[in-house]
Amino acid sequence: MISLIIPMRNAEATIGKCLAAAYSLEDARYEVIVVDDASEDASVALIGKYPCKLVRLNVHSGAAKARNIGAQHSAGDIFFFTDADCLVAKDALSRVREALSGHRTDLVLGGTYTPIPYDRDFFSTFQSLFIHYSETKDSENPDYIATHAMAISAETFRNIGGFSEDILPILEDVEISHRLRRAGYRLRMDPGLQVQHIFRFSLLRSLGNAMRKATFWTLYSLRNQDLLADSGTASRELKVNGLVWLLTATVSFFVLVSGQVRFLLIVPLIEMLNVWVSRRLFTMFFRSKGALFALSAMLYYTLLYPAAVWMGVLNGLARHIAQRRSVNA
């Protein structure tokens, strides 16, 4: 038995599509558990159309708590975690069953987003391709398994103590992954195990998401002392991209105030380095959506996206310093 566990918070725009996909899977032995994290919209009413098990929290408690509660109400030998804005692929559970057959408790299996998301606009497609690339580039030894597609035996989940409920508002999947690795469990990414994400991104939502993720990545990484780790979307490529953007901005400002135009010759050189480091990402953009999309995505990734990431990094750093001062006060 596989338990498909879905935390939900104000998901009326997506939960119907999520459950329709969940009940269209090519598998016979599974249950669906939805944990409502004190939603304030019409999400719960929409769930009534489907034969899932609904668990309701009276107080907003966060995704980690909701997932743990879902696990407590599950009868499965394997837990498969996903999100309320994800459409699980038809063959997902059969792939999980095959990988974890023989009651394997030493392996935690991860999946990723489809390269092309549910909504086909530019910013949603950019995000889905970026995450798909970042999460699958080291499938045999990933730094973490994301909870949009995480399969773990019930025994392992209970032994490890579930998700940490005092972690940041996001990244509970990163924290449990690191804890699992320290305990000797193996993480593996199956690039074919996919969910289609519903982003509904605009320019502002894309940049806002980048800033929010960078804020909490910075807080977690400083706490975990692995700020420079090549970890999923907090990848080596993204970090080089951010450094190149900062260096380019610094050189441009220096030229502006000094009039020393010759220093602009540095910019093409460092940008060529950036393109080389991120060449596999840009190749994925091209192969998935063609030359025009690839060029647009490359410009967005190198010119605008790093500004939001740096704002998040600075915000995270400021929060970290404030927390340290509060502890030491």
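**Rings and a cavity**

Tutor: Tyrosine 305 has a relative accessible area of 4%, so this residue is buried. Please keep in mind that the model is a predicted one.

Student: What is the geometry of the pair formed by the rings of phenylalanine 130 and tyrosine 305?

Tutor: Phenylalanine 130 belongs to helix H5 (residues 122–136) and tyrosine 305 to helix H11 (residues 279–328), so the pair links parts of the chain that are 175 residues apart. The ring centres lie 5.9 Å apart, and because planes over 60 degrees apart count as edge-to-face, the angle of 75 degrees makes this pair edge-to-face.

Student: Is phenylalanine 130 buried or exposed?

Tutor: The cut-off for burial is under 20% relative accessible area. Phenylalanine 130 has 2% relative accessibility, and therefore counts as buried.

Student: How is the pair of tyrosine 144 and tryptophan 217 classed?

Tutor: Tyrosine 144, in the loop between H5 and strand E7 (150–153), and tryptophan 217, in helix H8, are 73 residues apart, and both are buried. Their rings are 5.9 Å apart centre to centre with 55 degrees between the planes, and the pair is classed as tilted.

Student: Which helix gives the largest share of the lining of the largest cavity?

Tutor: The largest cavity holds about 30 Å³ of space, and the residues that line it include Trp217, Tyr220 and Ser221. The lining divides into five nonpolar, two polar and two charged residues. The largest share of it, three residues, comes from helix H8 (residues 203–224).

Terms used:
Residues are numbered from 1 along each chain as its sequence is written. This is a predicted model: local features need pLDDT of at least 70, side-chain atom pairs count only at pLDDT 80 or more; totals for chains, interfaces and linings use all residues. Side-chain values use heavy atoms; hydrogens and water are left out. On a 1 Å grid over the protein atoms alone, a cavity is a set of points where a 1.4 Å probe fits but cannot get out, and a pocket is an open set with protein on both sides within 12 Å along at least five of seven lines; lining residues have an atom within 4 Å of a point. Grid points are joined across faces, edges and corners, and a volume is the space filled by probe spheres set on the points. Helices (H or I, at least four residues) and strands (E, at least two) are DSSP runs, numbered from the N terminus. Ala, Val, Leu, Ile, Met, Phe, Trp, Tyr, Cys and Pro count as nonpolar, Asp, Glu, Lys and Arg as charged, and the others, Gly among them, as polar. Rings of Phe, Tyr and Trp (its six-membered ring) pair if their centres lie within 6.5 Å; planes under 30 degrees apart count as stacked, over 60 as edge-to-face and the rest as tilted. Buried means under 20% relative accessible area, exposed over 50%, partly exposed in between (1.4 Å probe, protein chains only).
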